[in-house]
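Subject: Handing over a structure, with notes on what was found

Dear colleague,

Please read the notes below with the sequence and the structure open beside them.

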Amino acid sequence: MPAAFRVAAPYFCYGEKEIAHLARRDARLARAMAAIGPVRRTVRPDFFAALMHAIVGQQIATKAQETVWARLETALGQVTPRTVAAAGTELLQKQGLSFRKVGYMQGAAAAALRGDLDSEALRLLDDASLCTALCRLDGVGVWTAEMLMLFSLQRPNILSYGDLAIQRGLRMLYRHRELSRERFERYRRRYSPYGSVASLYLWAIAGGALPELTDPTAPCAARNAAGER
């Protein structure tokens, strides 16, 4: 990794300060970060659009999410509370959205238009209160709230226990066959206050950024094929 760098908008913003802190706290993560280099993950500063994008992506593959999102942007021109509210159920469903997702989106649009969904007010809340507030929205659970906190509001200390890829990245990096909640919380404390940057690297590891790292829970045949004995 270069001695000086900073990843900036339109990606999650971080740089030397965060990397240096994590490297001091964890030598194994330090080596992984140096090998991978800067990680660029797109953010959506428009909170309402980020919320709609998250709802679109629930329980479907990333590629399918982007296909539906592109259709939605084409149909609406711009994804805002007013365009979603004005579109109507039939038009939204034609873009590849389920009836339930359309209901979630329309409910959020109505709340935004009433002033009940104020992104500026949400930004003033601490992480725990913000997560609780977001989970009051229909269609938003803890994982979705955490992804919004990270990839829209750019909160610096998000490490999601409910994210399977994060768990996989931890298993791969630290060679765990099991990852209890207690063990996970130890990593959360170790990475604090820059858990979000650690998340970026754990996702990269889970995605194969370091081919020499395999998942210890994978079948033996797969590990052996990867050269692990």
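Helix H13 runs over residues 195-206 and has twelve residues, and the distance from its first C-alpha to its last is 16 Å, close to the 16 Å expected at 1.5 Å a residue (the expected span being 1.5 Å times one less than the number of residues). Helices and strands are DSSP runs numbered from the N terminus, H or I with at least four residues for helices and E with at least two for strands. Twelve of the twelve residues of H13 are buried, so this helix is largely enclosed by the rest of the structure; here buried means under 20% relative accessible area, exposed means over 50%, and partly exposed lies in between, with a 1.4 Å probe and protein chains only. Among these buried residues are Leu200, Tyr201, Leu202 and Trp203. The cover over the buried residues of H13 includes strand E2 (14-15), H1, H2, helix H10 (142-151), helix H11 (164-174) and H12, where contact means heavy atoms within 4.5 Å. After H13 comes Gly208, which has a positive phi near 100°.

Before going further, please keep in mind that this is a predicted model, in which local features need pLDDT of at least 70 and side-chain atom pairs count only at pLDDT 80 or more, while totals for chains, interfaces and linings use all residues. Residues are numbered from 1 along each chain as its sequence is written, and side-chain values use heavy atoms, with hydrogens and water left out.

Two packed helices are described by the angle between their axes and the distance between the axes. Helix H1 (residues 16-25) and helix H2 (residues 27-36) pack at an angle of about 140°, and their axes are 6 Å apart; the axes are lines fitted to C-alpha atoms, for helices over the stretch in contact, and angles run from 0 to 180 degrees between N-to-C directions. That makes H1 oblique to H2, because angles under 35 degrees count as roughly parallel, those over 145 as roughly antiparallel, those from 65 to 115 as roughly perpendicular, and the rest as oblique. On the H1 side, Ile19, Leu22, Ala23 and Arg25 meet Ala27, Leu29, Ala30 and Met33 of H2. The residues of this contact divide into seven nonpolar, no polar and one charged, where Ala, Val, Leu, Ile, Met, Phe, Trp, Tyr, Cys and Pro count as nonpolar, Asp, Glu, Lys and Arg as charged, and the others, Gly among them, as polar.

Turning to charged side chains, the count comes to eleven salt bridges, a salt bridge being a side-chain nitrogen of Lys or Arg within 4 Å of a carboxyl oxygen of Asp or Glu. One of them joins Arg188 and Glu185, with 2.8 Å from N to O; these two residues are three residues apart in helix H12 (residues 181-191) and are therefore separated by about one helical turn. Arg188 is partly exposed, at a relative accessible area of 23%. Salt bridges that share partners also join Arg168, Arg171 and Asp215 into one network. Another bridge links Arg114 and Asp116, again given as N to O, at 2.8 Å, and here Arg114 is exposed at 57% relative accessibility, as is Asp116 at 55%. Arg123 pairs with Glu120, the closest N and O atoms being 3.5 Å apart; Arg123 is partly exposed at 32%, whereas Glu120 counts as exposed at 52%.

Some features of the loops also deserve a look. In the loop between H12 and H13 lies Pro193, and the peptide bond from Ser192 to Pro193 is cis, with omega near 5°. The loop between helix H3 (47-56) and helix H4 (62-76) holds Gln58, which is buried at a relative accessible area of 17% and touches Lys101, Tyr104, Gly139 and Thr144, not counting residues up to four places away in sequence. Gln59 is also placed in the loop between H3 and H4, but Gln59 is exposed at 85% relative accessibility, and its phi is positive, near 65°, in a residue other than glycine. In the loop between H10 and H11 sits Gln154, which has a positive phi of about 55° although it is not a glycine, and which is partly exposed at 27%.

With best wishes
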